[in-house]
Amino acid sequence: MAEIDRAVLVATEPFDLTADLVITELNRKGVPVVRFNPADIGRNLTVSAQFGACSTLGVGQLRTTSRTADLEHIRAVYWRRPIWPSFGNLAADDARFAAAQVRFGLGGILYALDGPLWLNHPLRDAAADYKPAQLALARRLGLKVPPTLVTNDPDAARNFIHEHGQVIYKTLRWTPYERDGIGLTSWAEPVSADQITEAVRVTPHLFQARVDKTADLRVLLVGERVFAVRIDSGLLDWRKDYSALTYHVVDLPDCLTRTLRAYLDHYGLTSGSFDLAIDRVGEPHWLELNPNGQWGWLEENTGLPMAAAFADLLTRGEPR
């Protein structure tokens, strides 16, 4: 098996159409790609690295069944949607131990790579994924932020709803969820004061004043490239029905572009997907940042060259 030099590592799950789009563009450019999923460790994935006398990361390899990457000379890492192993075949304590060794072993080796470009580094993705911190930063950067309360106090939640009238509830983070074997997801939903019960005390909840919006705005930043799409739907949460959406490519005001770039710079991110709501006078209101958001369906519906932008950046492999 030949060792590949100057490869782009793509860490993602097996069936990831968005990653496929980027890999197709990299293949067109003749850029070597090594795709892997951490969940394949012990079966189709092997990693080795030496540290110490020779150098910071002296000798390192990541091997799949078809390719071997030289970790000393990685061009870039596209950290897309990898799945970590859960070791369901082991006893609970053994599974927790094994899973931790993979995260801190394989993860630690990859995080030690300080030469390649990361899209995005997972530790920076994680830091940017806290909604309360997102809201605070958006406000500091001068963006319009809807009044928002994060609390596990039922009385505080009721008072907030009484004060602002139309209020929605949003999860603080999406997580896989099943009930009776059926996969469920959560949407932004209206909430009334009489729906607030003592169950709110169990965890913090996010309540937000509803923006009187006419449309949504999804903005994808990839390096220096900016892709902005207005999404019209009439829905509170447009993710509920993609068939109801219409799309229009728009140009952002320079001041908003600079602010969103500053947002990514704060977290050291190379790319990110921003969601904003457009009110009736055309002003954008901050909703959230998804550091690793979906965009493939937008390219399909608008023709914007998003995958090519990712591939161009990964090909250059220049850290920010």
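Visitor: Before we start, what counts as a strand here, and when do two of them pair?
Guide: A strand is a DSSP run of E with at least two residues, numbered from the N terminus. Two strands pair if DSSP finds at least two bridges between them. Also, this is a predicted model: local features need pLDDT of at least 70, side-chain atom pairs count only at pLDDT 80 or more, and totals for chains, interfaces and linings use all residues. Residues are numbered from 1 along each chain as its sequence is written, and side-chain values use heavy atoms, leaving out hydrogens and water.

Visitor: Okay, which residue in β16 is opposite L220?
Guide: That's F227.

Visitor: And how many bridges join β15 to β16?
Guide: Seven, with β15 (residues 213-222) and β16 (residues 225-232) running antiparallel. They make a hairpin with two residues between them, and G223 in the turn has a positive phi of about 60°.

Visitor: What about β16 and β17, how many bridges there?
Guide: Five, again in the antiparallel sense, with β17 covering residues 246-250.

Visitor: New topic: W118. Buried or exposed?
Guide: W118 is buried (under 20% relative accessible area; exposed is over 50%, partly exposed in between, with a 1.4 Å probe and protein chains only). Its own value is 8%. W118 is in strand β8, residues 117-119.

Visitor: Which residues does W118 touch?
Guide: Leaving out residues up to four places away in sequence, W118 touches V77, W79, L110, Y111, L113 and T270. Touching means heavy atoms within 4.5 Å.

Visitor: How far apart are W118 and W79?
Guide: They're 39 residues apart in sequence and 7.2 Å apart in space, C-alpha to C-alpha.

Notes:
Helices (H or I, at least four residues) and strands (E, at least two) are DSSP runs, numbered from the N terminus.
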